[in-house]
Amino acid sequence: MSSPSASASAAASRDIRVDFLRGLALWFIFITHTPGNLLAHGTLRNVAFCDATEVFVLLAGYAAGIAYGRMLERDGWPTAAGRIVGRMGTLYVAHIFLFVVFAAQVGFSAAALNQAAYLDELHLDPFGQEPYRALLEALLLHYQPAFLDILPLYIVVLGLFALSLPLIRHPAWLLGLSATLYVAIRISGFNLPNWTGGSWFFNPFAWQLVFTIGVVLGRADPAVLARRLPWHRGLAVLAGLLLLACAVALNLVWHGPGFGLYAPEWLAAAIATVDKAGLHPARLASVLLLGWLVAHLIPRQASWLSHPVPAMFVLMGQQGLAVFCAGIFLSFLGRLALEMIPGLTGQVLVNLVGLAALIAVAVVSAWYGGEGKRSRKTPLPATSGIVTP
Amino acid sequence: MSAMPRKFQPWLPLLALAGALAWTPARAGDVACGAPAEAMEAAPMAGVFAALSHTDLRILVVGSASTQAGGTSGPAATWPERLGAVLGERVAPVTVTVAVYGRRGTTATDHARILAEQGPRLRPHLVIWQLGTVEAARGLPVEEMAETVQNAVAQLRAVRGERTDVVLVDPQFSRFLRANADVESYRNWLRVSAAASGAQLFSRWAIMRHWVETEKLDLERAPASQQVALADRLHDCLAKAMAEFILDGAQRGRRARP
């Protein structure tokens, strides 16, 4: 499907819209991981079934498809798969580091607030109760505290990707296999267990589908893609109306009662079936529809993307992993700040400092040669550099 | 509806009228410790309205720790007991009985089992179901919680029809819980559960957050010596807000009647 020349041309004109959207998703992830942040009311999850997680995973797949696809062609499967495993190791270490930060933050909050006053419920703090066991379970990814669930998902999804890598030369097979696994998981309900009860917050065997779709989109020649998924005004209007209807329905169920408006029971019952853990088809459809609309509504060479503010998000998107980890780390500090500084002051401070720090991390990471810099210097033997997942 | 013409009791409308006047929700002034008015607006509660037109109102409370003690000076000071007292005063001569089946650390699944056992036996006019804290703290699947609520309410409806109203109560506001659990998701799913099962949600979280933001009641910042007294006050205030909510629903239940 994509000849070497096609991927070379794709590399030459990097699609910065993808970086921009990824940067935006990373910012949203920082915001929604800081509970109590008022900006969270303005993020994607308030108006759509999907949220920044789907966008992040889809675009991670997109970037991985380009980077490792090229590596596969140049160095073969063992080398490329080895690089992916190395990446998984990096993610694992990052996850454990963030877990330690999380534990420290919980300890600090617990000491600063009279949490025992009402949280008599215990079990609230497995780390406080059984620290050694909790540490072990965390190392086994068997214990994932709230908000520390995206990296474990990413690690397992990358593992599956390493195994299926040669199939990216046959996108139909890759998609078919991925969709089959997704359907099997949806039917069987299988998921990895979680120590505190229930199972993984994101079922990686279901979520691999959105990553794989990203991989296939990333590998495809943009011209072929545009021909396969052409713009159609009627369909676009329909898609827009559908997304709008979903936004209205969700908000009617969530916030209607506060205004004396009650959604019909069947509508709420339908919404209640849309699960996040197993990536319900409505969530998948929602992110794909949004992607299709955005891809056509924002021109590839949109001049506003090079203006300073959007350019910051582009840069954040290009330094994906560093910014993601920094975002989670900062969200822990943000929680403490929101606990300490009430009212608008805390909100403004957390969001200004948070965004500034994310941009700073992106700038530093790009400057010292993190993701993307090497690739600009050495265009062809593009190592992991160009677009790193 | 079919029972009405068959067994018409002439005193009933009179009593209902007297009752309606007596339990008109008090809106003026500092109601329920200054809880936000919109948090005390309810959807029609036909079961409670019907009960108030008779002689007794039976309430069944299920939930986790806060229904039992929750840091108060004792069971008599918890919100379910205070609700019985506050509501009893407001709706006299109707007697209010509150049966509490709460235990620390219990989840919606435990509560559903209790409802299945006690629902047909106690024949409550109102079920107050406090849930979500333990689920959020342990990161239990939100979808399963919603499904449990839907099934339990459907089962209750199969036995009791419209004679039982169901009110879900969300977690207590706490900065600690907010920072360390994905409470927003659980609150959203409680809203969906309520809407999908014909129940309604009493947002304890929103009310308590309002008290914290307006510096009226902040248990997490209270010195240790004042904690028990403050917890008592908190539960009393919550009971008052909940009484307003229930009476508002009953009022609307009257208007909604054919």
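Two residues are in contact here if their C-beta atoms, placed from the backbone, lie within 7 Å. Some notes on the two chains follow, with that in mind.

1. Ground rules. This is a predicted model, where local features need pLDDT of at least 70, side-chain atom pairs count only at pLDDT 80 or more, and totals for chains, interfaces and linings use all residues. Residues are numbered from 1 along each chain as its sequence is written, while chains are lettered from A and ligands numbered from 1 in the order in which they are written.

2. Chain A overall. Chain A has 17 helices and zero strands (both are DSSP runs numbered from the N terminus, helices being H or I of at least four residues and strands E of at least two). Of its 389 residues, 46% are buried; buried means 20 or more other C-beta atoms within 10 Å of the residue's own, exposed means 12 or fewer, and partly exposed is in between, with C-beta atoms placed from the backbone. Among contacts in chain A with a separation of 6 or more, 76% are between residues 24 or more positions apart.

3. Chain B overall. Chain B carries eleven helices and five strands. Buried residues come to 57% of its 258 residues. For contacts with a separation of 6 or more in chain B, the share from residues 24 or more positions apart is 83%.

4. I'd look here for helix packing: the axes of α15(A) (residues 320-340) and α16(A) (residues 343-367) come within 10 Å and cross at roughly 160 degrees. (Axes are lines fitted to C-alpha atoms, for helices over the stretch in contact, and angles run from 0 to 180 degrees between N-to-C directions.) That angle makes α15(A) roughly antiparallel to α16(A); the cut-offs are under 35 degrees for roughly parallel, over 145 for roughly antiparallel, 65 to 115 for roughly perpendicular, and oblique for the rest. The crossing is right-handed, the term for a near helix turned clockwise from the far one by less than a right angle, with anticlockwise being left-handed. On the α15(A) side the meeting residues are A322(A), V323(A), A326(A), G327(A), L330(A), G334(A), A337(A) and L338(A). Their partners in α16(A) include G346(A), L349(A), V350(A), G354(A) and A357(A).

5. α2 against α15. Helix α2(A) (residues 16-32) packs on α15(A) at about 15 degrees, with the axes 8 Å apart. So α2(A) is roughly parallel to α15(A). From α2(A), the contact uses R22(A), L26(A), I29(A) and F30(A); α15(A) answers with G320(A), V323(A), F324(A), G327(A), L330(A) and S331(A). This crossing is right-handed.

6. Helix α4. Towards the end of the numbering, α4(A) (residues 77-112) holds A110(A), which counts as partly exposed because it has 19 C-beta neighbours inside 10 Å.

7. Helix α8(A) (residues 171-188) has 18 residues and reaches 25 Å from first to last C-alpha, close to the expected 26 Å. L174(A), S178(A), Y182(A) and I185(A) are buried. They sit on the same side of α8(A), because they cover an arc of only 65 degrees around the axis (taken from the directions from the helix axis to the C-beta atoms). The other side has A172(A), G176(A), T180(A), A184(A), I187(A) and S188(A) exposed. The buried residues pack against α7 (150-164) and α9 (204-219) of chain A. Just after α8(A), G189(A) takes a positive phi of about 75 degrees.

8. A236 in α11. A236(A) belongs to helix α11 (residues 233-255) of chain A. With 15 C-beta neighbours inside 10 Å, A236(A) is partly exposed. Leaving out residues up to four places away in sequence, A236(A) touches W231(A) and L293(A).

9. The A/B interface. Here 46 residues of chain B are in contact with 40 residues of chain A. The elements of chain B that each supply at least two residues to that side include α7 (142-160), α9 (183-197) and β5 (200-202). Of these elements, α9(B) gives the most, with eight residues.

Notes
Expected span 1.5 Å × (residues − 1).
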